[in-house]
Amino acid sequence: MPMSPKTFYYRPASRFRRFCSSAFPLLCLSLGLAGVLLGVSSIASPARKCQDGEPTSVSVVWDRNGGDGAGDGVLERHKVMAFVGIQTGFGSIGRRRAIRQTWLPSSHQGLLRLEEATGLAFRFVIGKTKDKSKIAALQKEVNEYDDFMLIDIVEEYSNLPYKTLAFFKAAFALYDSDFYVKADDDIYLRPDRLSLLLAKERPTTQTYLGCMKKGPVYTDPNLKWYEPLAHLLGTEYFLHAYGPIYALSADVVSSLVALRNNSFRMFSNEDVTIGSWMLSMNVNHENNLALCEPDCSSSSIAVWDIPRCSGLCNPERKMLQLHKNEICSGTPTSSDE
């Protein structure tokens with residue numbers, strides 16, 4: 001089970017006060033003067049990569065003592081209209097490259113401009129591994145692009161429902177958003193149209209937004225052969241969003257954060273798992289087919305090869321092909337320009 005998310009809370013000030021209350025006032029004074037000089041020096045010298053402020057990749061660790069993941073008020077949550085977590089893995093370097101070459105800016109400044117224009121913040125969301133070579137390759141990518149959220153959960157397919165819960169908890173702790181969007185790294189997305197969709201007025205603050213389908217509750221992936229037969233037999237289905245992209249409103253995510261991890265029923269499929277939680281919470285299901293179009297159109301928000309693949313069937317190649325089409329990209333120029 002994933003633990004509750006917290007950021008790296010570092011409280012040097014409180015420790016310094018306790019130390020200063022002991023018998024070392026002169027040493028404390030020396031340390032204080034050194035800190036002032038260091039601060040002046042850092043202001044006077046030019047900043048390197050951080051000179052433009054946000055975004056920065058964040059590393060989220062977990063409170064293993066049962067915290068609720070909402071934070072302790074130590075770190076100010078970054079305010080955006082919506083936070084989009086692009087779920088990715090260690091084997092998806094090519095997919096991330098294709099995304100950065102098409103609908104998501106690859107540069108630090110480009111990400112900032114996109115956030116300012118749309119109100120959406122984007123990060124690639126990835127877990128951890130014991131493979132040191134994979135970790136080293138990821139760190140190199142983090143250093144180059146600075147567009148990741150790193151969470152402390154083992155990155156493997158069987159952990160997807162747990163990773164999804166971990167993502168929403170971490171995103172809520174770090175971002176003050178109206179919506180939290182889960183997206184896969186094998187779809188072609190129009191951020192500008194997604195922003196307009198999320199900005200709409202809604203009759204309720206508890207919204208589960210996606211391209212809705214009805215499907216059986218599988219606890220065993222080997223039982224997927226049963227789906228055609230289930231249709232014929234009239235097996236009861238429940239409505240839930242397709243997994244490649246969906247959004248939860250802030251009120252819904254705050255309810256997920258408040259619940260204890262062991263109160264959730266986990267299924268083998270991540271989209272079914274989330275759908276079951278939304279059903280039990282009695283939230284409003286908002287169906288929008290523009291989130292699952294098989295080809296670009298004047299209204300498409302997310303494009304993927306429904307129903308042939310749960311995403312683009314060959315995302316690295318298909319994304320580049322789609323982006324060349326002006327009806328997909330909205331402009332023949334690259335995403336950084």
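**Aromatic pairs and ring contacts**

At 22% relative accessibility, Tyr242 counts as partly exposed, because the buried class ends under 20%. The model is predicted. Its chain has 337 residues, of which 48% are buried, and its secondary structure comes to 12 helices and 13 strands.

Overall chain
- The accessible surface is about 17,300 Å², with 56% of it belonging to carbon and sulfur atoms.
- Of the contacts between residues at least 6 apart in sequence, 79% join residues at least 24 apart.

Aromatic pairs
- The count of aromatic pairs comes to nine.
- Phe172 and Tyr180 have ring centres 6.0 Å apart and planes at 50 degrees, so this pair is tilted.
- Phe172 is buried at a relative accessible area of 14%, and Tyr180 is buried at 0%.
- Tyr242 and Trp304 make an edge-to-face pair, with 5.6 Å between centres and 65 degrees between planes.
- Tyr242 belongs to strand E11 (residues 238-249), while Trp304 sits in the loop between strand E13 (302-303) and helix H11 (315-323), so the pair ties together parts 62 residues apart in sequence.
- Trp304 is buried, with a relative accessible area of 3%, whereas Tyr242 is partly exposed.
- A cluster linked by ring pairs contains Phe83, Phe167, Phe168, Tyr175, Tyr208 and Tyr246.

Arginine over rings
- Arg77 lies over the face of Phe172, 4.4 Å from the ring centre; Phe172 is also the ring paired with Tyr180.
- Arg100 lies over the face of Tyr145, at 3.9 Å from the ring centre.

Definitions and conventions:
Residues numbered from 1 in each chain as written. Predicted model: local features only at pLDDT ≥ 70, side-chain atom pairs only at ≥ 80, totals over all residues. Heavy atoms only, no water. Helix = DSSP H or I, 4+ residues; strand = E, 2+ residues; numbered from the N terminus. Buried < 20%, exposed > 50% of the residue type's maximum accessible area, 1.4 Å probe, protein only. Contact = heavy atoms within 4.5 Å. Areas by Shrake-Rupley, 256 points an atom, 1.4 Å probe, with all protein chains shown as cover. Phe/Tyr/Trp six-rings, centres within 6.5 Å; stacked < 30°, edge-to-face > 60°. Lys NZ or Arg CZ within 6 Å of the ring centre and 35° of its normal.
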